[in-house]
Amino acid sequence: MFKRFAHLRVFTLLVGLLLASACTAQSSTAPYTEGNEYVTLPAPQQRLSSEGKVEVVEVFSYGCIHCAQFAPVAEKLRKQLPAGVAFKLLPAPFSAEWLPFARAYYAAKQLGVVERTHMALFAAKFSQHYPINSLDELADFYAREGVDRAEFMRVATSPESTAKLKEDLALIQKWQVDGTPTIVVDGKYRVAAVHSYDEMVAVTQWLVKRELAGK
């Protein structure tokens, strides 16, 4: 009788160890997979800037309603990112219709007003339904926000803004971005097939932790 219980105890212990191993193996499995929720970009990989921090770049457009919907989520993500990580915006001039929005972003950035106008522009266009499509209409919007209209137009149409636009478009193409909003982490990973904005944020945070651990 004692021997039977002894064998049973050994068997139970072995089953427990096997289950523990299975659980350990399962928990160590990455929650997201290459080619599904994210893709590793081909070499040579290129970041938006040479700044030392890990980069989280949102490729977006003020002409994109999905970007408007994602904007508050992106803002929350920006505030939650750990030290050593920089959140950046990159406008996508995917069409002639979106070109004025990209120029507007470059002008707003150079004039130092992105922080206070970014969410306001989305709200004006998609919530308040202002007719904001052309560069002139964008200039009117920024003027309402206290920006000198003539200076806005000068910067938005400057050779420097045009050169930056071409440079950034080449990078967006290198990153193989074909829609907005899209997140690229450190010029190395592009968040891909996700089912919600919350999942996009979760994948981004996971990739950021990976990059920080690698550095």
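**Salt bridges and cores**

Author: Let's start with a salt bridge between the side chains of Arg149 and Asp140, 2.9 Å from N to O. A salt bridge here is a side-chain nitrogen of Lys or Arg within 4 Å of a carboxyl oxygen of Asp or Glu. This is a predicted model, where local features need pLDDT of at least 70, side-chain atom pairs count only at pLDDT 80 or more, and totals for chains, interfaces and linings use all residues. Residues are numbered from 1 along each chain as its sequence is written, and side-chain values use heavy atoms, with hydrogens and water left out.

Reader: Is Asp140 buried, exposed or partly exposed?
Author: Asp140 is partly exposed, with a relative accessible area of 34%. Arg149 is partly exposed too, at 32%. Buried means under 20% relative accessible area, exposed over 50%, and partly exposed in between (1.4 Å probe, protein chains only).

Reader: How many salt bridges are there by this rule?
Author: The count comes to 13. One of them joins the side chains of Glu55 and Arg47, at 3.9 Å from N to O.

Reader: And how accessible is Glu55?
Author: Glu55 is buried, at 0% relative accessibility, while Arg47 is partly exposed at 21%.

Reader: Which residues are linked in a network with those two?
Author: Glu51, Lys88 and Asp186 are linked with Arg47 and Glu55 in a network of salt bridges.

Reader: Changing topic: which residues of α5 are buried?
Author: In helix α5, residues 135-144, they are Leu135, Leu138, Ala139, Phe141 and Tyr142. They sit on the same side of α5, because they cover an arc of only 160° around the axis. The arc is that of the directions from the helix axis to the C-beta atoms. Helices are DSSP runs (H or I, at least four residues), numbered from the N terminus.

Reader: Nice. Which residues have the most contacts inside the largest nonpolar core?
Author: That core has 51 residues, and those with the most contacts inside it include Leu138 and Tyr142, along with Val56 and Phe152. A nonpolar core is a set of buried Ala, Val, Leu, Ile, Met, Phe, Trp, Tyr and Cys residues joined through side-chain atoms within 4.5 Å.

Reader: Which helix gives the most to this core?
Author: Helix α3 (residues 99-110) does, with seven residues. A second, separate core of eleven residues includes Val59, Ala92, Ile172 and Trp175.

Key:
Helix = DSSP H or I, 4+ residues; strand = E, 2+ residues; numbered from the N terminus.
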